[in-house]
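Subject: Structure for your review

Dear colleague,

Please find below the structure that I am handing over to you. I would be grateful if you could read the notes that follow with the structure open beside them.

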Amino acid sequence: MSPPFFKASMKRKKVVTILGLGNILLGDDGFGVHFVRWFSERHRLPPAVDVVEGGTMGYVLLDTVCGCETLIVIDCLKTADEPGSLYRFTHSEIEDRLPPPTSAHEVKFADVLCKAELLGECPEIVFLCIVPGQYKEMDLEMTPAVRERFPEMGKLLLKELAARGFAPEDCRA
């Protein structure tokens, strides 16, 4: 019997997974989760594209990461730039900006990616990131500077999907 973390490689992989990360209890830090909800309400995606609200699930996301050919991660990038600034990175471009792997008691997304690489199951990864304004105190609302960037982030995501041959339908039409 195979260990549970090999489950992804035994089933058919999704072509693309859109993964929204962040803590929705910490204001702008929840951008990734809030954004994928917003995007899913506006676009009908083909069966080969999956949307996952990853939140802060840590190692639970290993199956999601290993279960696709391309992973598009929507997250915050805590850097000294104007809140609402958008960035696009490949996995190799962002590696220097990710915190180093930690202990099993404090799992970061970098730890999940490290495990996927060790398993030989790491997909192509693109990070679409936003600079948060407020993320240090509990707040269920995002700042306007960040919330108002949903449409622009949506355009970036549609461009990434188009580059992989997908054109989601607009549900609002």
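Predicted model: local features only at pLDDT ≥ 70, side-chain atom pairs only at ≥ 80, totals over all residues.

The model contains an open sheet of five strands in the order 3-1-4-6-5, and the pairing is mixed. At the edges lie strand 3 (49-55) and strand 5 (86-90), each of which pairs on one side only. Direction ignored, neighbouring strands of this sheet are turned by 20° against each other on average.

Strand 1 (residues 14-21) pairs with strand 3 in the parallel sense over six bridges. Strand 1 also runs parallel to strand 4, to which six bridges join it. Strand 4 in turn pairs with strand 6 in the parallel sense, over seven bridges; here Ile72 stands opposite Val126 of strand 6. Eight of the nine residues of strand 4 are buried, so this strand is largely enclosed by the rest of the structure.

Helix 7 lies across strand 1, strand 3, strand 4, strand 5 and strand 6, and runs at about 170° to strand 6.

The contact between helix 2 and helix 7

Helix 2 (residues 31-42) packs against helix 7 (residues 150-163) at an angle of about 75°, and their axes are 11 Å apart. Helix 2 is therefore roughly perpendicular to helix 7. Helix 2 contributes Phe31, His34, Phe35, Trp38 and Phe39 to the contact, while helix 7 contributes Phe150, Pro151, Met153, Gly154, Leu157, Leu158 and Leu161. By class, this contact has ten nonpolar residues, two polar residues and no charged residues.

Ser85

Ser85 is found in the loop between strand 4 and strand 5. Is Ser85 buried or exposed? Its relative accessible area is 16%, which is under the 20% cut-off, so Ser85 counts as buried. The side chain of Ser85 reaches the backbone oxygen of Glu82 at 2.7 Å. Leaving aside residues up to four places away in sequence, Ser85 touches Cys129, Ile130 and Val131.

With kind regards

How values were computed
Residues numbered from 1 in each chain as written. Heavy atoms only, no water. Axes fitted to C-alpha atoms, helices over the stretch in contact; angles between N-to-C directions. Helix = DSSP H or I, 4+ residues; strand = E, 2+ residues; numbered from the N terminus. Parallel < 35°, antiparallel > 145°, perpendicular 65-115°, else oblique. Contact = heavy atoms within 4.5 Å. Nonpolar A, V, L, I, M, F, W, Y, C, P; charged D, E, K, R; others polar. Pairing = 2+ DSSP bridges. Buried < 20%, exposed > 50% of the residue type's maximum accessible area, 1.4 Å probe, protein only. Polar contact = N/O pair within 3.5 Å; in protein donor to acceptor, adjacent residues only side chain to side chain.
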